[in-house]
Amino acid sequence: MATTEELINELTKRGATMAQVALLKDPTAKTPDEAIELLQTGNSRFFSGQQSRVLSSVNSRRSQIMAQTPFAVVLGCADSRVPIELVFDQGPGDIFSIRVAGNVAEPATVGSIQYAIKHLKVKLVVVLGHEGCGAVAASLLTPEERSGEPLHVRFLLDAIAPALKDIAPIQDRKAKMREAVILNVKQQRENLEQDEVIAEAIANGQIKVVGAFYEIGSGAVDFLEG
Ligand SMILES: [Zn+2]
């Protein structure tokens with residue numbers, strides 16, 4: 001079977017209009033589970049060094065002029081070591097990426113997710129935490145220790161801190177950080193699920209909201225259960 005890329009090339013040779021080419025770009029996943037599978041297989045390509053889709057051709061970019069049809073939203077951290085499209089080996093047009101320190105659900109990120117659900121019909125929302133997250137580490141400090149940070153940094157840390165208030169007293173620093181990041185992912189996911197638009201899309205089966213953890217060293221993403 002011809003790939004979308006080959007179809008686009010063929011159609012362009014025959015002088016198709018941009019609108020005709022745009023129609024070729026179907027959403028790549030039709031259900032939340034298909035969307036999870038696409039991200040998992042993409043991540044496998046990434047961590048095993050088999051990346052395939054990072055660069056797209058001129059024609060494939062042209063096919064995206066008229067519309068975008070991303071299949072998933074990923075709410076990830078702004079951390080430079082966690083580039084979302086690279087980690088999932090996806091190209092332009094595939095992921096509606098939202099990046100903010102600590103991957104927090106706050107009005108701007110929730111608004112972006114509402115837009116992607118309502119207007120772009122995405123099938124999946126992923127909250128992606130990561131190994132060694134500086135925002136989460138800073139949120140483990142006491143309010144007094146955090147008080148020297150600039151106003152908007154404190155806003156972010158205060159959005160994370162409630163997730164960590166009951167963290168178990170784990171001695172091993174790396175294990176404690178992993179636990180803290182996962183607690184924050186779960187909290188932000190729960191915060192998203194409280195939103196009316198997101199809750200409705202979950203209830204009608206359009207989307208799932210899932211948490212995930214990215215390990216910088218191995219490049220692997222673990223999707224979290226429950
Ligand atoms: Zn981070």
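Two strands are taken to pair if DSSP finds at least two bridges between them; helices (H or I, at least four residues) and strands (E, at least two) are DSSP runs, numbered from the N terminus. The model is predicted, so that local features need pLDDT of at least 70 and side-chain atom pairs count only at pLDDT 80 or more, while totals for chains, interfaces and linings use all residues. Residues are numbered from 1 along each chain as its sequence is written, and side-chain values use heavy atoms, with hydrogens and water left out.

**View 1. The open sheet of five strands.** The strand order is E2-E1-E3-E4-E5, with mixed pairing. Strand E2 (95-99) and strand E5 (221-223) form the edges, each pairing on one side only. The twist averages 25 degrees from one strand to the next.

**View 2. Pairing of E4 with E5.** Strand E4 (residues 208-214) runs antiparallel to E5, and three bridges join the two. Ala 212 stands opposite Phe 223 in E5.

**View 3. Helices packed on the sheet.** Helix H3 (residues 32-47) touches strand E1 (72-76), E2, strand E3 (124-130), E4 and E5 (contact: heavy atoms within 4.5 Å). The direction of H3 makes about 35 degrees with that of E3 (axes are lines fitted to C-alpha atoms, for helices over the stretch in contact; angles run from 0 to 180 degrees between N-to-C directions). H10 also packs on the sheet, touching E1, E3, E4 and E5, and its direction makes about 165 degrees with that of E4.
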